[in-house]
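Here are some friendly notes to read alongside the structure. Keep the 3D view open and look up each residue as we come to it.

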Amino acid sequence: MFGLIVAVVCAYLVGSIPSGLILGKLIWKTDLRDHGSHNIGATNAWRTIGKAGGITVFLCDLIKGCLGVWFAIKFADGSSFSQVMGGIMAIVGHSWSVFLGFKGGKGVATGLGVVAMLMPLVTVLLFGAWFAVVYFTGYVSLGSIVAAALAPIMAWLFGYDFWFIAFGCLAALFIIVRHKQNIDRLLNGTESKIKAAK
């Protein structure tokens, strides 16, 4: 139990590191909170500081999710439950960062990092689905919502552990709820597009 506590605390703290805010200020001299959607995630970074910035922030946030699971393997018993708990806490940290007054991003890239550690094959398929939606529609939010919804279905189809499927359901619900405003804008035609093809 002590090992699990250490793992989830470490996962939360690493998840809380505001990658977009730090990188934006240090490298691009830009506070993402002052531009676009005011979000510190990869999508706003892409729109605000360019493709390189967006990709860099995305990878850093993804690594946070990977580390959340790794902490559970390293410090806890490495069971499916502990890995899922580590992953969840990394997402919670990213979304409600202790360093940002318990505010943060929407958890998509960090969530993908968790899935990458838990279910590598599912990750490839989800990224493919996300990329296809974004490429053909230009809506990153729609791609994220579709990929999130597919996560538990893919986990079930490929026969993954119960806790991994449960994580997929929880993560899907969480990400969709966090995109409520995006869904409203998609429905009324005011959601911003991104030039994915370029």
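Which residues does Ala7 touch, not counting residues up to four places away in sequence? Keep that in mind as you read; point 3 takes it up. Please remember throughout that this is a predicted model.

1. **The overall build.** Start with the whole chain. Along the principal axes, the C-alpha atoms fill a box of roughly 45 × 40 × 25 Å.

2. Of the 198 residues, 47% count as buried. The accessible surface of the chain comes to about 9800 Å², and 72% of that surface belongs to carbon and sulfur atoms. Now think about which parts of the chain meet: among contacts between residues at least 6 apart in sequence, 64% join residues at least 24 apart.

3. **Ala7 and its partners.** Back to the opening question: Ala7 touches Phe71, Ala72, Phe75 and Ala76, leaving aside residues up to four places away in sequence. Ala7 lies in helix H1, residues 2–16. Because its relative accessible area is 0%, and buried means under 20%, Ala7 counts as buried. Ala7 and Ala72 are 65 residues apart in sequence, yet their C-alpha atoms are 5.1 Å apart in space.

4. **Where H4 meets H5.** Ala72 turns up again here. Helix H4 (residues 51–75) and helix H5 (residues 80–95) have axes that come within 7 Å and cross at roughly 145°. The crossing of H4 past H5 is right-handed. From H4, the contact uses Asp61, Lys64, Gly65, Gly68, Val69, Ala72 and Ile73; from H5, it uses Ser82, Gln83, Gly86, Gly87, Ala90 and His94. Sorted by kind, the residues of this contact are four nonpolar, seven polar and two charged. If you wonder about the spacing of such residues, an α-helix has 3.6 residues a turn, so residues three or four places apart point the same way.

5. **A covered helix.** Is helix H6 mostly covered or mostly open? Helix H6 (residues 108–118) is mostly covered, with eight of its eleven residues buried. The buried residues are Ala109, Thr110, Gly111, Leu112, Gly113, Val114, Val115 and Leu118. They pack against H4, H5, helix H7 (120–137) and helix H9 (162–178).

6. **Gly143.** Look next at helix H8 (residues 140–157), where Gly143 has its place. Gly143 counts as buried because its relative accessibility is 0%. Residues up to four places away in sequence aside, Gly143 touches Trp130, Val133 and Val134. Val57 is 86 residues from Gly143 in sequence, and the two are 18 Å apart in space, C-alpha to C-alpha.

7. **Two backbone angles to check.** Most residues other than glycine have a negative phi. His38, however, has a phi near 70°, a positive value. His38 sits in the loop between helix H2 (19–28) and helix H3 (42–49), and is partly exposed, with a relative accessible area of 48%. Phe102 also has a positive phi, near 65°, and lies in the loop between H5 and H6. Do find both loops in the view before you move on.

Technical notes: Residues are numbered from 1 along each chain as its sequence is written. This is a predicted model: local features need pLDDT of at least 70, side-chain atom pairs count only at pLDDT 80 or more; totals for chains, interfaces and linings use all residues. Side-chain values use heavy atoms; hydrogens and water are left out. Axes are lines fitted to C-alpha atoms, for helices over the stretch in contact, and angles run from 0 to 180 degrees between N-to-C directions. Helices (H or I, at least four residues) and strands (E, at least two) are DSSP runs, numbered from the N terminus. A crossing is left-handed if the near helix is turned anticlockwise from the far one by less than a right angle, and right-handed if clockwise. Contact means heavy atoms within 4.5 Å. Ala, Val, Leu, Ile, Met, Phe, Trp, Tyr, Cys and Pro count as nonpolar, Asp, Glu, Lys and Arg as charged, and the others, Gly among them, as polar. Buried means under 20% relative accessible area, exposed over 50%, partly exposed in between (1.4 Å probe, protein chains only). Accessible areas come from the Shrake-Rupley method with a 1.4 Å probe; for residues, only the protein chains shown count as cover.
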